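Please keep the sequence and the coordinates at hand while reading.

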Amino acid sequence: MKKILFFLALAAVGCKSPQLANTDYQVDQKNVIETLAYLTSDELEGRDSGSAGIALAADYLENQFKENGIKPYFASYRDTLSNFTPTAYNIVGYIEGKDPVLKNEFVIIGAHYDHIGRITAVAGDDIANGANDNASGTTMVSEIAKYLVTANNNKRSVLIVYFSAEEKGLLGSRHLAEKLKEQNFNLYTMLNFEMVGVPMKRDFQTFITGFKKSNMAEKLNRYAKDPSFVGFLPDELQYRLFMASDNFPFYVTFNVPSQTICTFDFKNFEYYHHVKDEFELMDTKHMTDLTNKLLPVVTQMINADTQEIKLKNE
């Protein structure tokens, strides 16, 4: 049934190729559907860290890097976690900066690609496919990565990171943050993507966790030329979401702005850690439109002449 729905969705949006010119590049909804459908397929069994299913997801994401000319930052794309068994790994790609000075500064763009695997069955289904959490964020990051390679104009260097073991306690991001800190990694800022599969029911399009910890929201709105692009969601403070995703270890370890973009607003999606968090419930047009809006935003963040995004004194 899922395969039938996948091909129907592809047919609905057509098979046009994305515009590759830097000035008119557009993410193709067909590509969003393709990545999202695979990551949420039953074949991956809910992408539990250390499982055979998440190994298939890692293969898929690594192959995307290879196909798009994104190099590994380490000797391999696979960054094996030092704090988790059985074996699990982040997938880390590297896009070198083009400016001779600014290329020594890094921006990390990431999302966790793991989920919680098999859980208590509902109507015979025990696979928690994790479409919104967080195949959606992973898919969006994959499209941003393709754009950055095509645009070929990033002044700063960029790490594209798919984190494992987020669901086990942010272990993939904790491991990588500590590893990079030991290597004197020069991190400017970290932007993470989490649960972006359905649009918000608010007066703004997205929110960031840790809204008051930096001026990131202000800058992203300026880059987007839209004051309603990123808003403040009080629930993110109540539920301490700033500390609940892979931005947090980079904030703690590097003391730089490290925040998560999200469109889950506690009113628009009811299947958190549930077997019904499925591909069919994701709004791929929303995901495509949001990614396209983010392309110039991310470009300006990476290419700003100075480090415009700064922590605030609390």
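**Interior, strands and helix packing**

In this predicted model, the largest nonpolar core comprises 71 residues, and those with the most contacts inside it are Ile109, Tyr113, Leu148, Ile160 and Phe193. The element that gives the most to this core is helix α4 (residues 131–151), with 9 residues. Another core lies apart from it and has 16 residues, including Val92, Leu159, Phe163 and Val256.

Residues up to four places away in sequence being left aside, Ile109 touches Val141, Ile144, Leu148, Val158, Leu159, Ile160, Val161, Leu191, Phe193, Val298 and Ile302.

Ile109 belongs to strand β4, from which Val107, Ile109 and Ala111 point one way, while Phe106, Ile108, Gly110 and His112 point the other way. In a regular strand, side chains alternate between the two faces of the sheet.

The pairing of β4 can be traced next. With strand β7 (residues 157–163), β4 pairs in the parallel sense over 7 bridges, and Gly110 stands opposite Val161 in β7. Strand β8 (residues 187–193) also runs parallel to β4, to which 5 bridges join it; here the bridge partner of Ile108 is Met190 in β8.

An antiparallel pairing is found between strand β5 (residues 118–122) and strand β6 (residues 125–127), which are linked over 2 bridges. Arg118 stands opposite Ile127 in β6. The two strands β5 and β6 form a hairpin with 2 residues between them, and Ala123 in the turn has a positive phi of about 55 degrees.

The final topic is a pair of helices. Two packed helices are described by the angle between their axes and the distance between the axes. For helix α6 (residues 216–224) and helix α9 (residues 284–303), the angle is about 120 degrees and the axes are 8 Å apart. The crossing in which α6 passes α9 is right-handed. On the α6 side, Leu220, Tyr223 and Ala224 meet Lys293, Val297, Gln300 and Met301 in α9. By class, the residues of this contact of α6 with α9 divide into 5 nonpolar, 1 polar and 1 charged.

Conventions: Residues are numbered from 1 along each chain as its sequence is written. This is a predicted model: local features need pLDDT of at least 70, side-chain atom pairs count only at pLDDT 80 or more; totals for chains, interfaces and linings use all residues. Side-chain values use heavy atoms; hydrogens and water are left out. A nonpolar core is a set of buried Ala, Val, Leu, Ile, Met, Phe, Trp, Tyr and Cys residues joined through side-chain atoms within 4.5 Å. Buried means under 20% relative accessible area, exposed over 50%, partly exposed in between (1.4 Å probe, protein chains only). Helices (H or I, at least four residues) and strands (E, at least two) are DSSP runs, numbered from the N terminus. Contact means heavy atoms within 4.5 Å. Two strands pair if DSSP finds at least two bridges between them. Axes are lines fitted to C-alpha atoms, for helices over the stretch in contact, and angles run from 0 to 180 degrees between N-to-C directions. A crossing is left-handed if the near helix is turned anticlockwise from the far one by less than a right angle, and right-handed if clockwise. Ala, Val, Leu, Ile, Met, Phe, Trp, Tyr, Cys and Pro count as nonpolar, Asp, Glu, Lys and Arg as charged, and the others, Gly among them, as polar.
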